[in-house]
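Subject: Structure handover

Hello,

Here is the structure we talked about passing on. My notes on it follow below.

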Amino acid sequence: MTTVPTPHTEPPGLADRAGRMIASSAPRRLDWPMLVAVAALSAIGCLLVWSATYDPADPDGALGFVRRQALHLAVGAVVLLVVAAVDFRVSRAYAPVVYLAAVLGLALVLTPLGETINGSRSWLVVAGLQMQPGEVAKLGLVLAVAMLLGEPRDGEFAPTTRDVLFSLAVLAVPLGLILAQPDLGTAMVLTATYLGMLALSGAPVRWVAGLIGCGVLAAFSVWWFGLLEEYQLQRFTTFVNPGADPRGAGYNANQSMIAVGSGGLNGTGLLEGEHTRGRFVPEQHTDFIFTVAGEELGFVGGAVIIGLLAFVLWRILRTAGRSEGPYARLVCVGAAAWLSFQSLINIGMTLGVAPITGIPLPFVSYGGTAAVANLAVLGLVLNVHAREHGVH
Amino acid sequence: MRPLRRRRLLSGRRHRRPDAPAAPSPPRTSRRGVMLAVQLLVLVLLASLTARMWYMQVPMAEHYQELALASHTQKLIQPALRGRIVDAQGRPLVTNRTELTVTADYHALLERDDDGTAVLRKVAELIDRPFAKLRDRVRLCGPETGQPCWQGSPYQPIPLAENVAPKVALQIMERQNEFPGISAQQMAVREYPNDELAAQVLGYLQPITQEEFEAREELRAEFSGVDRVGRDGVEAVYDDRLRGDSGERILSVSSQGDVRGTLSRTPSEPGMHLVTSIDTEVQKVTEDALRGAVDKARSQGKPVDSGAAVVLDVRTGRVVAMASLPDYDPEVWNGGIDAGTYDKLLSEDAGEPLISRALQGQFPPGSTFKPTTLAAAVKNGASLDGSYSCPGSIGLAGRSWQNFAGGGYGTIDLRKSIVVSCNTVYYQLGYDMWRDSRGEKGRDPVSAMAHSFGYGAPTGVDLPHESSGRIPDRQWKRQYWLDTREHSCKMAEKGYPEVAKEDPGHAAYLKRLAREQCRSGDRWTAGDAINRAIGQGDVQVTPLQLARAYAAIANGGTVYEPRVGRALLSADGERVEEIEPVKAGELPVEDRTLKYIQRALTQVPKEGTASGAFGDFPQGKVSVAGKTGTATTQGRADSSWFASYAPADDPQFAVVAMVPQAGTGGSTAAPLVREIYEGIYGFSDGGEPALSSGAPPTALPSVREDGSIAPPDDH
């Protein structure tokens with residue numbers, strides 16, 4: 001166990017690269033514990049989606065949802081394996097492509113190709129397939145920012161002021177497009193992911209502190225100057241006092257808390273939750289999926305989900321801490337910031353401690369684009385893990 | 001393992017990539033520390049979420065489970081069938097009938113774009129009722145929503161229109177897509193088979209008011225909004241027994257309000273039937289006689305607009321009949337009374353038919369009070385066997401007091417003083433008692449005796465809104481003076497200029513009266529006592545008070561609390577709760593005195609003031625004892641009383657009649673009472689006796705297996 005410098009001292013030939021790709025995809029180098037945890041989360045997610053969509057009058061309807069979610073996960077698994085197989089230093093070259101594709105998608109959403117669901121124009125329908133470019137944008141942002149701040153110029157590891165400004169512009173373009181939808185949840189995730197990556201990038205402290213301060217200030221002024229849609233503002237104000245208007249904006253918060261709280265220690269059992277059966281919590285198979293776990297699986301089930309998420313996040317951050325290259329490290333940090341922010345806000349909102357926004361629970365919520373994007377970024381982390389961990 | 005790795009990490013700086021330029025890179029130790037801090041931060045945040053979840057799901061679980069239950073269940077109340085009210089023979093007084101009622105589903109209407117306005121308009125057109133009325137009835141009651149509004153749960157069907165023709169109901173049920181949320185169902189309403197008979201005794205039902213709803217907690221728990229509460233008469237007094245216990249169904253509902261199933265069901269317990277001591281036939285006879293007497297007096301040009309008559313069972317104090325005119329048909333309460341009809345029922349022009357004058361009307365008793373004065377005087381030392389002078393007028397307390405019509409009878413005994421109703425004898429008795437007790441504080445033989453007879457306080461009958469009457473005495477006078485002094489002193493000063501324009505003499509008299517009242521109105525004067533002795537002046541009694549006083553004279557001295565309720569029978573007949581007669585007290589009168597009074601009263605219809613009215617009455621079959629009374633009220637015509645009981649030798653009934661402004665007791669009230677006796681005993685031409693045995697049944701009606709009520713089987 002001696003430390004060896006990273007191996008590619010000169011550009012490798014095509015054969016070399018192919019050989020390394022195959023070698024690096026050797027199963028023993030994958031982070032199996034993390035993969036098992038993610039598989040468990042996905043399996044629990046499928047069960048919860050089934051329960052959330054189950055209707056005794058139409059039992060096949062729920063199975064359709066589960067089947068589609070399984071398909072999403074299968075596609076995501078393939079993407080994960082491909083990304084994990086291709087050396088991140090190779091795939092890094094495609095970062096701008098992913099980023100630009102996401103920006104293009106976000107722009108198209110605002111054209112007639114986009115579709116409005118639940119008051120947000122977040123969907124793109126291509127050949128009958130619905131997808132959310134916003135989820136791709138999260139992946140694109142992680143890749144682009146990691147590239148810009150990770151290794152701005154060859155051999156230079158700490159980003160300069162110019163790099164930070166450039167990365168801010170990279171954030172601003174998708175952020176603006178997303179706020180135009182408007183999709184506050186995704187915008188929050190993008191901002192939080194960016195700030196997390198910036199904080200750990202080694203950028204000048206004044207920038208880190210200044211931008212985080214600006215983020216807080218921006219959130220405040222958005223509220224202050226009423227830049228938010230009425231319903232978004234209401235969600236934030238009722239977050240402070242959900243009991244104020246139980247049939248209005250606080251309704252979701254109240255009902256999700258009732259669903260979770262009434263589950264008790266062991267839950268009612270799958271498909272047995274009266275509150276879930278009565279469809280009291282909206283969007284229960286996507287954003288509010290955690291309430292199904294809370295009611296039907298109880299504290300035990302909820303704690304297992306949180307524990308699995310914690311394990312996954314810990315593994316990602318562990319990989320980040322062990323990675324040598326700043327780019328690899330920032331990719332992992334980005335993934336961790338993204339997934340942990342979504343997990344905390346999503347679970348927090350069902351427990352009444354975070355505002356209600358449209359943010360899905362990673363690996364658990366129903367949704368194709370999100371599943372693929374989450375698994376893709378996990379593929380990158382696996383790749384870093386495999387390469388930084390055992391390569392001689 | 002760990003120290004080893006650490007060494008490797010520490011050495012990272014030296015082992016930088018060989019081709020890397022010397023650009024600054026954060027030291028690995030600090031980076032490692034930062035990563036550790038970030039890991040810790042994420043774990044702590046997730047752990048605090050877990051703690052929050054624990055708090056919600058373990059210590060607070062019950063709270064959320066209650067909230068969950070409240071939001072996904074709904075209670076549907078099924079009103080119990082209200083018990084029937086029957087007479088002593090089991091004949092129906094108030095029953096239930098089912099009626100087709102058009103109802104609305106509140107939520108279904110609210111789901112419409114226009115809150116159901118179009119649907120309601122169509123319903124209004126179909127059933128031919130005003131749209132505004134229907135719209136008002138589906139409003140939920142709130143602090144600012146006046147009647148009509150819906151007080152029940154919004155999950156309960158809200159009645160829009162009662163008594164709808166079956167054809168119309170069928171149309172609504174068949175064209176459900178045209179009438180979403182509208183339905184027709186059978187609902188029970190009160191039915192009055194004898195129309196207005198005993199209307200004030202039976203009372204009526206009305207939708208609960210917001211105040212009642214808030215005040216009566218036991219009602220709130222099981223109130224469906226459809227059922228009504230008893231608002232007067234026995235319907236009000238026995239409301240909680242007649243009402244029964246409503247059943248409930250707990251429904252599980254979805255967030256959209258769709259019913260997903262029934263979680264539990266408690267059947268309703270029908271209300272108990274109330275057996276009253278009223279006898280339908282006697283009640284009819286009484287009402288007919290009263291109506292006839294009022295009509296006759298009116299045809300004679302007397303300003304008569306009301307009247308009351310009471311028949312009591314002297315052995316139990318139970319009410320056999322109680323009539324009050326004017327009356328009304330209680331059917332008006334069904335289907336939601338409109339404001340115009342309601343105002344009319346309360347108006348003075350219509351004679352306030354809701355008021356039972358039998359227990360709410362207060363009038364001076366006139367000479368019917370004399371037996372009380374007699375008993376008080378004898379108790380105070382006057383001789384029962386003595387002789388008394390009955391001049392045409394008598395000078396007492398500085399003025400002259402007239403006998404009725406100014407006639408005198410010379411020296412007579414007390415028996416004759418009752419028979420011929422000699423005022424001057426009682427003026428003297430009243431004056432003597434006033435003089436005897438003048439110096440003794442608190443002693444007032446007449447007041448004490450009157451209260452023993454049950455005057456001056458509510459009788460305690462099981463009917464609401466009873467008046468207490470009034471026996472004036474020293475204490476009352478003082479209180480009255482305190483209450484009115486300010487006004488009388490003002491009038492003493494100002495005089496009566498309005499009256500003076502037309503009658504200066506009367507105005508001067510009124511002014512003098514006011515001055516006297518202002519200066520010394522608190523004094524219980526000899527004049528007051530003299531007036532009281534013949535039941536005039538400020539004495540006031542209700543017909544019911546008088547009836548039970550005469551019942552007490554008849555039965556040997558027991559004063560009862562009158563009762564209309566006889567028993568409560570459960571709907572299946574299993575449970576029978578008798579309502580026992582209640583003794584309020586005994587007359588503090590010696591047997592000899594009471595017998596003396598009875599003998600005197602027995603002579604009144606034979607040779608005294610009522611002999612005209614009872615001229616050819618078969619006294620040999622049933623001997624009637626009684627006393628006429630003529631109450632004088634300033635500025636109004638004399639009012640006619642007759643208080644009686646029969647048979648005189650073995651009393652069963654006490655009958656009292658009162659017709660205000662109808663003249664002397666002998667002219668109107670006595671013939672009226674005679675008619676009642678004739679009806680009871682079947683003495684009128686070809687008349688069947690209303691009570692064939694001459695007495696109320698001792699047994700109770702019973703509930704047959706089919707739920708109908710069988711007559712008592714002691715006949």
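**Around B:Pro364**

Set aside the neighbours within four places in sequence, and B:Pro364 is in contact with B:Gly535, B:Gln536, B:Val539, B:Gln540, B:Ala631 and B:Thr633. Please keep in mind that this is a predicted model. B:Pro364 sits in the loop between helix H15 (357-360) and helix H16 (370-379) of chain B. There are 24 other C-beta atoms within 10 Å of B:Pro364, and 20 or more make a residue buried, so B:Pro364 is buried. B:Arg532 is 168 residues away from B:Pro364 in sequence. In space, the C-alpha atoms of B:Pro364 and B:Arg532 are 9.4 Å apart.

**The two chains**

Chain B has 715 residues, and 43% of them count as buried. Its secondary structure is 26 helices and 25 strands. Take the contacts in chain B between residues at least 6 apart in sequence: 72% of them join residues at least 24 apart.

Chain A has 392 residues, of which 53% count as buried. It holds 15 helices and three strands. For chain A, residues 24 or more positions apart account for 70% of the contacts with a separation of 6 or more.

**A five-strand sheet in chain B**

Five strands of chain B form an open sheet, in the order S12-S11-S23-S22-S21, with antiparallel pairing. Strand S12 (318-325) and S21 of chain B stand at the edges. Each has a single partner strand, so one side of each is left without a neighbour in the sheet. From one strand to the next, the twist averages 10 degrees.

Now the pairings. Strand S11 (residues 307-313) of chain B runs antiparallel to S12(B), joined by seven bridges. B:Leu312 has B:Val319 in S12(B) as its bridge partner. Strand S21 (residues 625-631) of chain B also pairs with S22(B) in the antiparallel sense, over seven bridges. There, B:Gly629 is the bridge partner of B:Trp641 in S22(B). Seven bridges also join S22(B) to strand S23 (residues 653-659) of chain B, again antiparallel. B:Tyr645 stands opposite B:Ala654 in S23(B). S22(B) and S23(B) form a hairpin, with six residues between them.

Is strand S22 (residues 639-646) of chain B enclosed or open? Eight of its eight residues are buried, so S22(B) is largely enclosed by the rest of the structure. Both faces are covered. On one side are B:Ser639, B:Trp641, B:Ala643 and B:Tyr645, and on the other B:Ser640, B:Phe642, B:Ser644 and B:Ala646; all are buried.

Helix H24 (residues 543-555) of chain B has 13 residues, which should span 18 Å at 1.5 Å a residue. Its end C-alpha atoms are 18 Å apart, which agrees. 13 of the 13 residues of H24(B) are buried, so this helix is largely enclosed by the rest of the structure. B:Gly556 follows H24(B), with a positive phi near 95 degrees.

Helix H13 (residues 289-322) of chain A is another matter. A straight helix of 34 residues would span 50 Å at 1.5 Å a residue, but H13(A) spans only 34 Å between its end C-alpha atoms. Where is the kink in H13(A)? It is centred on A:Leu297, at about 130 degrees. H13(A) is mostly covered, with 27 of its 34 residues buried.

**Backbone points to check**

Most residues other than glycine have a negative phi, and most peptide bonds are trans. The following depart from that pattern.

- The peptide bond from B:Leu325 to B:Pro326 is cis, with omega near -5 degrees. B:Pro326 is in the loop between S12 and helix H14 (339-346) of chain B.
- B:Ala646 and B:Pro647 are joined by a cis peptide bond, with omega about -15 degrees. B:Pro647 lies in the loop between S22 and S23 of chain B.
- B:Asp195 is not a glycine, yet its phi is positive, about 55 degrees. B:Asp195 is in the loop between strand S5 (182-191) and helix H8 (199-202) of chain B. B:Asp195 counts as exposed, with 11 C-beta neighbours inside 10 Å.
- B:Gln661, a residue other than glycine, has a positive phi near 65 degrees. B:Gln661 is in the loop between S23 and helix H26 (665-681) of chain B. B:Gln661 counts as buried, with 20 C-beta neighbours inside 10 Å.

Best regards

Terms used
Residues numbered from 1 in each chain as written. Chains lettered and ligands numbered in written order. Predicted model: local features only at pLDDT ≥ 70, side-chain atom pairs only at ≥ 80, totals over all residues. Buried ≥ 20, exposed ≤ 12 C-beta atoms within 10 Å, placed from the backbone. Helix = DSSP H or I, 4+ residues; strand = E, 2+ residues; numbered from the N terminus. Pairing = 2+ DSSP bridges. Contact = placed C-beta atoms within 7 Å. Expected span 1.5 Å × (residues − 1). Axes fitted to C-alpha atoms, helices over the stretch in contact; angles between N-to-C directions. Bend = angle between axes of the 7 residues up to and from the residue.
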